[in-house]
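Subject: Structure for you to look at

Hi,

Here is the structure I promised to pass on.

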Amino acid sequence: MTAILELENISKQFPGVKALNDVRFESRAGEVHALLGENGAGKSTLIKVISGVHKPDTGTMKIEGMPVHFDNPRQAQLQGIATIYQELSLYPELTVAENIFMGHGMRRRMGPFSVLDWKAMNEKSLELLTSLNIHDLDPHRKVGALTVGNRQRVEIAKALSLNARVLIMDEPTAALTEADVVRLFEIVRLLKQRGVSIIYISHRLQEVFDLADRVTVLRDGHYVDTKPVSETSEDDLIRMMVGRTINDLFPKLPSEVTHEVLEVRDLCCKPLTKNVTMTVRAGEIVGLAGLVGSGRSELAQVVFGITPAESGQVLIEGKPVQIKSPAQAMELGVAYVPEDRGTQGLVRQMKIRENVSMAVLSTLMKGIFVDNNAENDLADKTIKQLSIRAYSREQVVNKLSGGNQQKVVVGKWLASKPKLLIMDEPTRGVDVGAKAEIHRLISELAQQGLGILMISSELPEILGMSDRILVMREGEIMAEYSRAEATQENIAAAMMSDAVRNMNNQRKLSESSKV
Amino acid sequence: MTASTHSNSGAASKKDGGFLSSLRGFFGSQEGILLIVIIVLMVAVGTSNPRFLSQTNLKDVFAANAYIAVAALGVSMVIISGNIDISSGALVGVLITLSGNLAVGLADAGWPLMLVNIIAWVAPLIGGMVIGAVNGFFVAYLRIPAIVVTLGMFSILKGGLILVAGGNTIYNLPEGYTIAQQDWLGIPSTIYFMVILTIVVFLWLRYSATGRSIYAVGGNAEAARLSGINTRRVIMITFILNGLMVGICSLMLATQFNQIQATAPPGLEMFVITAAVVGGVSILGGTGTVLGSTLAAILVKTIGSAMVFINVSPYWLKAVQGTLILVTVLVDVLRRRRQSRQ
């Protein structure tokens, strides 16, 4: 088999992050090549380089031996590279045929004009779909009315209409039902027979073994290895993906774990919170691991009253409560540092002082006006306690660095004197120095008796900070490990694959004491 | 950033001469620039035509147009909250007609004059708040975009007004009704309305919890909601207060002359929005002060009057007003873009 696509020494630097560092990749005609790595390993950046969205800083890219440079996605498309992103990029108000031919419509002559030839396009669409063994999709239907599985088939037909030689699929099964997954696999195999090279990204390891011929693993922006799937195993792949050492980025302080601050029983809120039962105790850091979309943030939002629970029980310090709104959660001593500080955490054009006091303003009143002195004191205290680097409390938060912005959000919630602090990706998008500082802060807060529920996509962070680790997948808590028994491998396995979990269970049963 | 930062940033930067630096801060802000532009414009036009600075003309510029600044207070609050109100002109038409007809009708029915006047003064305030509450309910609780809600309200009020009042003029207003004509201590009463209301609204927005919430909701509604702020209630309050300001504006306009034209003053809503935007209230919500909107209302009127005195056709006023809006919004957008890039 010959290589269609070859990448050598690809590096890509973003402000503050080296997303790709000397990465190579090669895919052949008629193969399914799986691309694996943790969140943030560089998979997305790599496929964006291949599809012309990002230009690499260094390195060469060849198609069938010829060097190519893409300035934009259009040029990549013309070279036969098609990408199906996780969020499908279709126009819901247009028909199937209109979507398939978006940007490269077929034309015919009408007198002196060249006009779009809808008849030909509808016929061609039908032909494309038929060639994929899709016989139940009318080219005249609006895409908005289709199921996710059908929309994906439209995307594939669109890729074919561009004569794609390389088809990149970014987590294509993430939102599919099982029946749709089976059909998708059939289509992928069909394309493979026709000599299309498929780059397949998935977190589900089982799919890699079902479908792929070779697999390439990335970690922290570095190339790890490429192997034929037949010569590897799930354990092997997981080790390749997560194998890194934990340094003292995680200052963990001893802390006295006492009573239960939060207990939830059979908590449900469709579609991503299913029968969740868990506890968080005072002085304890509970790490909540799981893939993006596994329902971690959704669980936090149920507990914080943003999307109130449909059923199940919530107990705060042993007392049953109903939490219907964030305001109510705050009164009960729950605080939530959201995932995205820009859209959910901060009012960017306001000052540090105004952001920090936002959640507790009603307690800072003197008559009908806000008590300036009390507010200033609070802001100064917060800046000092969290060592926020700013020239004054009057600085607009937009001008702070990511790490300092995050500290302002944390400060806002500490001002409400919570008993339970939920932190969703507390160190996303902050540099390493600030990361260590935020970790220290989390440790100190636990030491002071706060119960902390920390959601994170970074396994080292989960392992380094947590006293106890819960793993979620598809809205359920799949596993619980103590700090002592948790390893990157068993958490990653619980996050990703049924197969591994079942295997582990069987192993547990048969050997009765392993893992 | 604004006048209020005097005390705050002054305290924060004591070392480098707090007063001077906060003074510099003020003149670097939108409000400071407006003040400078107004003064420069007055001096320049006054030099070329001294009659511009005569007492009658200044009275006309400040007193006769104070009602625009008052309505701009309301719409500024609405825009700061991240919404918009384009119904205020039509609402003013309805409220002045309501007030005038009540005054004439009740006086004819033989009610005591004092009581008649009080009713006729208070009625537009209540009416304004009721319509504001309706707008606010649609925006906050039914989540219909404010531009759609207030566009609908604009048509309903304007159409209704023509049906009911037919553009008539209301004469024979009872004695004592026309408070906007009065001078108190030698200063026209409307100036008091404008100045006092501007200060009160400014302080309320800046130092009350609800006022602060309006900025928070306009700046980032999601973050505000997650901080326990009842965003719907805040939007509702904002629209009701806007209605109150429109009501006071109507009261000032209705009592300005000895007769009332029962129509909506043409283009008033655009005038009012212009004042807010030129005054530094970001159309994207979350920033700006009513000090700015009041100064901008004065500026626009000063320009209008100045044009007459230097023999420029007043028809240019609209074009100047439009240019002002575009320039201000452009500056605002560029400023934000620069900030977000950092």
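**Around A:Met241**

Leaving aside residues up to four places away in sequence, A:Met241 touches A:Leu36, A:Gly37, A:Glu38, A:Val217, A:Arg219 and A:Ala492. Contact here means that the C-beta atoms of two residues, placed from the backbone, lie within 7 Å. This is a predicted model, so local features need pLDDT of at least 70 and side-chain atom pairs count only at pLDDT 80 or more, while totals for chains, interfaces and linings use all residues. Residues are numbered from 1 along each chain as its sequence is written, and chains are lettered from A and ligands numbered from 1 in the order in which they are written.

A:Met241 sits in helix α8 (residues 234-242) of chain A. Helices (H or I, at least four residues) and strands (E, at least two) are DSSP runs, numbered from the N terminus. A:Met241 counts as buried because it has 23 C-beta neighbours inside 10 Å; the cut-off for buried is 20 or more other C-beta atoms within 10 Å of the residue's own, with 12 or fewer for exposed and partly exposed in between. Between the C-alpha atoms of A:Met241 and A:Asp225, which are 16 residues apart along the chain, the distance is 9.9 Å.

**Chain A as a whole**

Chain A has 18 helices and 24 strands. Its radius of gyration is 26 Å, close to the 24 Å that the globule rule gives for 515 residues, so chain A is as compact as a globular protein of that length. That radius is taken over C-alpha atoms, and the rule is 2.2 Å times the number of residues to the power 0.38. Of the 515 residues, 46% are buried.

**Some strands to look at**

Strand β1 (residues 3-14) of chain A pairs with strand β4 (residues 58-63) of chain A in the antiparallel sense, over five bridges; pairing takes at least two bridges found by DSSP. A:Ser11 is opposite A:Thr58 in β4(A). β4(A) also pairs with strand β5 (residues 66-67) of chain A, antiparallel over two bridges, and A:Lys62 faces A:Pro67 in β5(A). β4(A) and β5(A) make a hairpin with two residues between them, where A:Glu64 in the turn has a positive phi of about 45°.

**Where the chains meet**

Chain B puts 25 residues in contact with 29 residues of chain A. On the side of chain B that touches chain A, α1 (5-12), α10 (209-219) and α11 (221-226) of chain B each supply at least two residues.

Best wishes
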